[in-house]
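Hi,

Here is the structure I promised to pass on. Please have a look at it first, and then read my notes below.

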Amino acid sequence: MNLRTFLPPLPIPVSAPPEPGERARELPEPGLEPGRPAVVAFLRHTGCPFAEATARRLRDAAAEHPELQWVAVSHAPTVATARWRDAIGGLGEVRLLIDEDRIDYATWGLGRSSLTHFMGRRSLGEVARLARQGIRNRHPDGTRWQQAGTFAVDAGGVVRWRHLPEHAGELPDLGAAAAALA
């Protein structure tokens with residue numbers, strides 16, 4: 001187990017998250033395909049059961065809604081992220097972007113969480129629920145303290161929907177994200 005994932009990362013300046021109706025922020029290269037709506041999910045650390053559950057849902061949603069871009073952003077190093085992606089069965093048509101310095105996370109308003117955000121009663125209850133579905137902690141990389149968030153961005157680059165979880169186990173409703181772009 002990588003115990004460094006339990007250490008809080010150094011704080012970095014975090015912007016307010018974009019509200020629906022505001023312009024989307026920049027993403028790591030290559031970013032979004034211009035003129036095409038997208039759902040962008042900033043993941044928790046690789047190895048996290050919530051990141052895996054979100055990634056699996058993204059993969060399924062991308063197959064169901066091929067007219068949309070589906071993008072996952074990881075803050076783990078490229079090699080660790082690729083190893084994790086392969087371990088969970090791949091991401092299908094979901095593009096994977098890397099933001100190892102967490103700069104784009106911060107630009108989108110996703111900063112450092114609290115201990116209760118990922119170790120609180122609600123999150124631990126969701127860990128148990130996912131374990132019963134066969135989704136368990138894997139070798140972690142990144143930081144457990146990083147907040148996740150999901151955004152639906154229209155073809156003009158405007159945020160139309162967002163999900164900012166109250167606790168780590170609160171996963172995004174990707175059907176609602178896709179519906180916001182219909």
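This is a predicted model: local features need pLDDT of at least 70, side-chain atom pairs count only at pLDDT 80 or more; totals for chains, interfaces and linings use all residues.

Residues are numbered from 1 along each chain as its sequence is written, and side-chain values use heavy atoms, with hydrogens and water left out.

Let me start with the sheet. Five strands form an open sheet in the order β3-β2-β1-β4-β5, with mixed pairing. Strands here are DSSP runs of E with at least two residues, helices are runs of H or I with at least four, and both are numbered from the N terminus. Two strands pair if DSSP finds at least two bridges between them. At the edges stand β3 (95-98) and β5 (159-163), each with a single partner strand, so one side of each has no neighbour in the sheet. On average, neighbouring strands are turned by 20° against each other, direction ignored. Axes are lines fitted to C-alpha atoms, for helices over the stretch in contact, and angles run from 0 to 180 degrees between N-to-C directions. β1 and β4 run antiparallel and are joined by five bridges; A41 stands opposite T150 in β4. Across β1 and β2 (69-74) lies α1, running at about 165° to β2 (contact means heavy atoms within 4.5 Å).

Now the cavity. On a 1 Å grid over the protein atoms alone, a cavity is a set of points where a 1.4 Å probe fits but cannot get out, and lining residues have an atom within 4 Å of a point. Grid points are joined across faces, edges and corners, and a volume is the space filled by probe spheres set on the points. There is one cavity of 30 Å³ or more, and the largest cavity holds about 130 Å³ of space. Its lining has 17 residues, with F42, T54, A148, G149 and P172 nearest the centre. α1 gives the largest share of that lining, three residues.

F42 turns up again among the four aromatic pairs. Rings of Phe, Tyr and Trp (its six-membered ring) pair if their centres lie within 6.5 Å; planes under 30 degrees apart count as stacked, over 60 as edge-to-face and the rest as tilted. F42 and W108 make a tilted pair, 5.4 Å centre to centre with 50° between the planes. F42 lies in β1 and W108 in the loop between α3 (103-107) and α4 (115-119), so the pair ties together parts 66 residues apart in sequence.

Lastly, the backbone. The peptide bond from E29 to P30 is cis, with omega near 10°.

Best wishes

Technical notes:
On a 1 Å grid over the protein atoms alone, a cavity is a set of points where a 1.4 Å probe fits but cannot get out, and a pocket is an open set with protein on both sides within 12 Å along at least five of seven lines; lining residues have an atom within 4 Å of a point.
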